[in-house]
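Subject: Structure for your files

Dear colleague,

Here is the structure I said I would pass on.

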Amino acid sequence: MEIKIGKANDNTLIIDRPEVSRHHAVLTEDETGALLLRDLGSTNGTFVNNDQILNKIVEAEDMISFGSDYAISILDILKSDNDYSIQFGSLKEVYDTYVNEKIHIQSSNQFKTRLFQSLPFAVIGVVGIVLGFTGHTNRGLFIFSFVLAVLAPTIGIYFGARQAAKIPALIQDLTNQFKIDYVCPKCGTFLGEIPYESLSNKKVCPVSTCKAKWIRT
């Protein structure tokens, strides 16, 4: 990747300002993936975060000045070459978080559903043990055990169904946010539930009017 910066028409990023030289600077990517900004012998100099440089490894958040007045971020320089690889890289965390949270919601609520369904039956078992020790002559405990035996299935089904009913709503809320976050960083098109690794293999946005570069080549 190479982005030439200056006021001449043969630059990648054309900045038509008096303090900018015809061929002012160039941003390249080395073999390690690092971004290198190099001044091309400009009249007014190239500055990174207000420090004048000749060659410097830069980060996405760095602010670049050409001369004393005009400033631009590295991210905006990359956008001039339709390069959205840094923003696209953040989508990996978005996808991984979505998948892990979806699994957590399903497994956690399924466990709670089974617990609520089985707990009433477990209570009856405990009462049965108590009755075994106290004897069948205790009429109060016998009636209490009988009532539980009648109500337990209904109670278990009710609370289990209530817990199970929460799953679709939680999944829907998670999916709605995912549709907002998992989009092309340039055109905002939702990328579906395609794994990040599969998207990165495409290298560019498939939308014909966008074609943002997702992976530097």
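The notes below go from the overall layout to one hairpin and then to the salt bridges.

Please keep in mind that this is a predicted model.

Overall layout

The protein chain has nine strands and five helices. Read from the N terminus, the order is β-β-β-β-β-β-β-β-β-α-α-α-α-α. Of its 217 residues, 35% count as buried. The accessible surface of the chain is about 12800 Å², and carbon and sulfur atoms account for 57% of that area. As for contacts between residues at least 6 apart in sequence, 44% of them join residues at least 24 apart.

Strand β8 covers residues 63–66 and strand β9 covers residues 70–73; they pair in the antiparallel sense through four bridges.

Salt bridges

The count comes to seven salt bridges.

Within helix α1 (residues 74–79), K79 and D76 sit three residues apart, about one turn of the helix. Their side chains form a salt bridge, with the closest N and O atoms 3.9 Å apart. Both ends are partly exposed: K79 has a relative accessibility of 34%, and D76 has a relative accessible area of 37%.

D81 and K213 form a salt bridge at 3.2 Å, N to O. D81 belongs to the loop between α1 and α2 (85–89), whereas K213 is in the segment after α5 (196–202), so this pair ties together parts that are 132 residues apart in sequence. Is D81 buried or exposed? D81 is buried, because its relative accessible area of 18% falls under the 20% cut-off. K213, at 32% relative accessibility, counts as partly exposed.

Helix α3 (residues 91–134) holds another pair, D96 and K92, which are four residues apart and so separated by about one helical turn. Their side chains meet in a salt bridge at 2.9 Å, N to O. D96 is partly exposed with a relative accessible area of 29%, and K92 is partly exposed with 35%.

Regards

Key. Residues are numbered from 1 along each chain as its sequence is written. This is a predicted model: local features need pLDDT of at least 70, side-chain atom pairs count only at pLDDT 80 or more; totals for chains, interfaces and linings use all residues. Side-chain values use heavy atoms; hydrogens and water are left out. Two strands pair if DSSP finds at least two bridges between them. Helices (H or I, at least four residues) and strands (E, at least two) are DSSP runs, numbered from the N terminus. Buried means under 20% relative accessible area, exposed over 50%, partly exposed in between (1.4 Å probe, protein chains only). Contact means heavy atoms within 4.5 Å. Accessible areas come from the Shrake-Rupley method with a 1.4 Å probe; for residues, only the protein chains shown count as cover. A salt bridge is a side-chain nitrogen of Lys or Arg within 4 Å of a carboxyl oxygen of Asp or Glu.
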